[in-house]
Amino acid sequence: MSRRYELLPLDQLYPPGRPRIDVLASLSAIFRDSFSNVVDLLDDLFERAANADEPPALNYIRKHAMELEAEGEERPASRLFSNPPGDYGSLVNELVGSGDWETTADLGATWASRNGVSYGRHKEKQGVAREAVLEKLLGTTERIVQMVDSVRTPISPGILVRVDRSIFLIRCSGDRVEYGLTDIQEYYANTGALKASAESARQRRKLAEGVEEEHASEALSNLHVGVSVVEAFTRSTPVSRDLETCLRMEYRSKLLNPVWAEAMASQGSGGAYEISQRFTAMVGWGATARFADEWAFQGAFERYVADEDMRRRLAKSNPEAIRNVARRLLEAYGRGMWTSASEEQLDTLKDMYADAEDVVELGVRAVTNEDMGGK
């Protein structure tokens, strides 16, 4: 027996009177490969929504599909996008890791270039590049949704949250995990870079529509794309929070928390590595989502650098980790994320980096400065 998702009639949508909103689904490559049956079902649903006999003003999927069809797009109902076949990841984390990036817009463009392939039934089964459709939908996006699922539940495509014209359905994990937004690189490399990509697309759309020169700066500055993080840490109703709120909560409860810091440091090389990776992620969120709360960087300096005992322990157990800590804080200052850093703090970080570099690259440990920064 064949199965399919059915469209609810307009009069059954909640809240009453709202239109059928458009959805752009950003699929992880693992989801794309593992759940092709769900991809087919969703593709069928989107196509039927685009062809529904409903007023375009009450069906944004149809409205946008009609616009794309008028522009000559072959398959205007495409809404399921991911990496090219056999490929994985946005590569944004690689750029942030190497420091080989200039602007947030550059990182957004990298994300878009890696996620412009449409998937679905028929010809879309193996993926078809449809960058114009992706650009159109990015340009009408006002909110992104990121699911953080830490409860053992059946893997589902994700959740839908209403916005004005488009929605992003972001990755949903089914296993119990211990990782949050600040713990690993994939979150900023996808959700953060997706935000950057959507904001750039909205700017291009606004400019194409024509903006009076004297109002251009104000108009472009108001094209912020919000991010809702829906965390399901228990079986109760999931909680939705803004990205900035979640990042602040995680920095306070983990990286800047003395109990967490001590627990990581006590694990030796592995713990030092985990601390170091969160410094990279902090720069990653600043790079993609422009998160630059000064207190977070200042607190990280005080917790892991100004505390000489902590600094020596990390340097002794993992010189590469302490080098990365210094590198990321210096990078944060250089890129304008941590403007309140003092000259004394910067000098300490430079000395710390140089000492760690000697140990890592040359295998040399200075007798008078054995633990990288200990005077």
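Helix α12 (residues 294–306) packs against helix α14 (residues 319–334) at an angle of about 155 degrees, with the two axes 11 Å apart. The model that shows this packing is predicted, and the mean pLDDT of its chain is 87. The points below treat the helix contacts, an aromatic pair, the local backbone and the confidence of the prediction.

**Helix α12 with helix α14**

- An angle over 145 degrees counts as roughly antiparallel, and α12 and α14 are therefore roughly antiparallel to each other.
- The crossing in which α12 passes α14 is left-handed.
- On the α12 side, the contact involves Phe297, Phe301, Tyr304 and Val305, which meet Ile322, Val325, Leu329 and Ala332 of α14.
- By residue class, this contact of α12 with α14 has eight nonpolar residues, no polar and no charged ones.

**Helix α14 with helix α15**

- Helix α14 also packs with helix α15 (residues 343–362), at an angle of about 145 degrees and with the axes 8 Å apart.
- The crossing of α14 and α15 is left-handed.
- From α14, the residues that meet α15 are Pro319, Glu320, Ile322, Arg323, Val325, Ala326, Arg327, Leu329, Leu330 and Tyr333.
- Their partners in α15 are Leu346, Leu349, Lys350, Met352, Tyr353, Ala356, Glu357, Val359, Val360 and Glu361.
- The contact of α14 with α15 comprises 14 nonpolar residues, no polar residues and six charged residues.
- Ile322, Val325 and Leu329 of α14 are listed in the contact with α12, and these three residues are also listed in the contact with α15.

**Helix α3 with helix α6**

- Helix α3 (residues 60–70) and helix α6 (residues 131–138) have axes that come within 11 Å and cross at roughly 135 degrees.
- The two helices α3 and α6 are therefore oblique to each other.
- Their crossing, that of α3 and α6, is right-handed.
- His64, Glu67 and Leu68 of α3 make the contact together with Ala132, Val133, Lys136 and Leu137 of α6.
- The residues of the α3 and α6 contact divide into four nonpolar, one polar and two charged.

**Aromatic pairs**

- Five aromatic pairs are present in the structure.
- One of these is formed by Tyr251 and Phe291, a tilted pair with 5.7 Å from centre to centre and 35 degrees between the planes.
- Tyr251 belongs to helix α9 (residues 243–253), whereas Phe291 lies in the loop between α11 (269–289) and α12.
- The two residues, Tyr251 and Phe291, are 40 residues apart, and their pair links distant parts of the chain.

**Local backbone**

- Most residues other than glycine have a negative phi, and most peptide bonds are trans.
- The peptide bond from Tyr14 to Pro15 is cis, with omega near -5 degrees.
- Pro15 lies in the segment before β1 (24–26).
- Leu91, although not a glycine, has a positive phi of about 70 degrees.
- The position of Leu91 is in the loop between β2 (80–82) and α4 (92–98).

**Confidence of the prediction**

- Of the residues in the chain, 84% reach a pLDDT of 70 or more.
- The pLDDT is below 50 over residues 151–176, a stretch that has 94 contacts in the model beyond near neighbours in sequence.
- Residues 366–370 likewise have a pLDDT below 50, and this stretch has five contacts beyond near neighbours in sequence.
- Where pLDDT is low, the predicted coordinates should not be read in detail.

Terms used: Residues are numbered from 1 along each chain as its sequence is written. This is a predicted model: local features need pLDDT of at least 70, side-chain atom pairs count only at pLDDT 80 or more; totals for chains, interfaces and linings use all residues. Side-chain values use heavy atoms; hydrogens and water are left out. Axes are lines fitted to C-alpha atoms, for helices over the stretch in contact, and angles run from 0 to 180 degrees between N-to-C directions. Helices (H or I, at least four residues) and strands (E, at least two) are DSSP runs, numbered from the N terminus. Angles under 35 degrees count as roughly parallel, over 145 as roughly antiparallel, 65 to 115 as roughly perpendicular and the rest as oblique. A crossing is left-handed if the near helix is turned anticlockwise from the far one by less than a right angle, and right-handed if clockwise. Contact means heavy atoms within 4.5 Å. Ala, Val, Leu, Ile, Met, Phe, Trp, Tyr, Cys and Pro count as nonpolar, Asp, Glu, Lys and Arg as charged, and the others, Gly among them, as polar. pLDDT is the predictor's confidence in each residue, from 0 to 100. Rings of Phe, Tyr and Trp (its six-membered ring) pair if their centres lie within 6.5 Å; planes under 30 degrees apart count as stacked, over 60 as edge-to-face and the rest as tilted.
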